[in-house]
Amino acid sequence: MHMSLQFQTQAKIVLFIYFFWWPIVESQVSNPLPRPARALDATLQDYAFRAFIRPRTGVPFDGIVPPYLTGIEISAMRLRSGSLYRRGVPTFKEFTLPVGLREQPYVERLVLVYQNLGNWSTTYYSLPGYIYLAPILGLLAYNGSDLTASNIPELDLWASEEAIRINFGRISPIPVGLVAKCAWFDLHGQVNFTNLLSGNVCSTTEQGHFSIVAESAVPPAPVPPAPSEPEPAPSEPTPSGRKKNESKIWGIIGAVTGGTALLVLLTLLILWAWRYKKRKRIRELERAADAGEALRMTRIGSMRAPFALGTRTMPNFESDFGV
């Protein structure tokens with residue numbers, strides 16, 4: 001009982017350190033290693049949910065990203081699923097959400113997380129052969145029943161009646177001779193291209209990440225094949241290699257010697273068992289012989305031989321029959 005209470009106390013201390021100390025350490029990281037886009041989504045979801053200090057339904061709350069992601073904008077809006085389906089959302093940043101939006105699995109409340117990756121767009125969504133004319137904008141839906149949760153999976157959000165519209169507003173100038181297209185990155189990393197609507201507007205029927213791109217006039221130079229390197233010449237074994245080989249040889253010798261000794265020991269054991277069994281059989285025969293009729297021994301010269309005390313049937317002479 002005492003050990004159980006002590007373990008629970010230690011576990012509580014570890015959890016306290018993790019939840020209160022780790023955010024401080026995370027905020028002090030100045031240049032972390034690049035992470036994939038899916039890990040970025042989980043991080044932005046966590047920081048977007050932190051903006052709900054006093055949550056109100058249908059009101060967007062802008063979040064604050066950690067210092068090492070400066071330049072990214074996030075916002076979160078909590079909605080009722082029924083209200084979203086019947087009314088939609090006329091304006092949520094650059095997105096216009098129509099009526100008829102459905103989510104799977106169904107939840108009573110959901111949270112829409114908005115992302116504007118800014119100058120991080122090409123870092124997390126590299127698109128060789130294309131020029132970005134607008135930053136990556138993301139829209140993801142999450143379960144809104146627990147606003148303190150983190151790393152929760154996205155809901156599957158899609159438009160069942162009208163398409164979702166993304167108004168990018170002002171974009172970078174389109175290079176002469178090129179055509180701008182809408183690029184949609186789904187949650188599996190696949191990119192799809194659609195035609196751009198008037199006024200720099202893109203449309204979609206599903207959630208994900210979106211931007212406006214133009215195909216580069218100069219195709220990316222092919223990467224030359226790496227020259228084949230000559231096979232390295234066999235080098236003399238190093239002292240460490242010789243020691244390893246010698247240890248292997250001694251190991252083999254020891255195994256063979258041990259096997260031979262074991263075989264000899266097993267042979268001697270079998271031979272001893274056979275002799276023991278033979279001696280035991282002889283003693284049994286002698287014991288059986290001693291249990292029969294005893295004969296008296298007499299000495300004849302230098303030998304001892306058994307002799308009978310008398311005969312069982314006395315001999316009769318022929319004269320006794322009156323012949």
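I looked at residues 249–274 and found a span that is 100% helix and 0% strand, with its end C-alpha atoms 38 Å apart. Helices here are DSSP runs of H or I with at least four residues, strands are runs of E with at least two, and both are numbered from the N terminus.

A note on the model: it is predicted, so local features need pLDDT of at least 70 and side-chain atom pairs 80 or more, while totals for chains, interfaces and linings use all residues. Residues count from 1 along each chain as its sequence is written, and side-chain values use heavy atoms, leaving out hydrogens and water.

Next I checked the record: UniProt, in an unreviewed entry, lists residues 249–274 as "transmembrane region". Such annotations may be inferred rather than shown by experiment.

Then I turned to Arg287, which is found in helix 5 (residues 239–290). Is Arg287 buried or exposed? Arg287 is exposed, at a relative accessible area of 54% (buried is under 20%, exposed over 50%, partly exposed in between, with a 1.4 Å probe and protein chains only).

I also looked up two residues with positive phi. Lys93 is not a glycine, yet its phi is about 60°. I found Lys93 in the loop between strand 3 (89–92) and strand 4 (95–97), partly exposed at 39%. Asn200 has a positive phi too, near 55°. Asn200 sits in the loop between strand 12 (191–195) and strand 13 (201–204), and is partly exposed at 22% relative accessibility.

Last, I went to Pro105, in the loop between strand 5 (101–104) and strand 6 (109–116). The peptide bond from Gln104 to Pro105 is cis, with omega near 0°.
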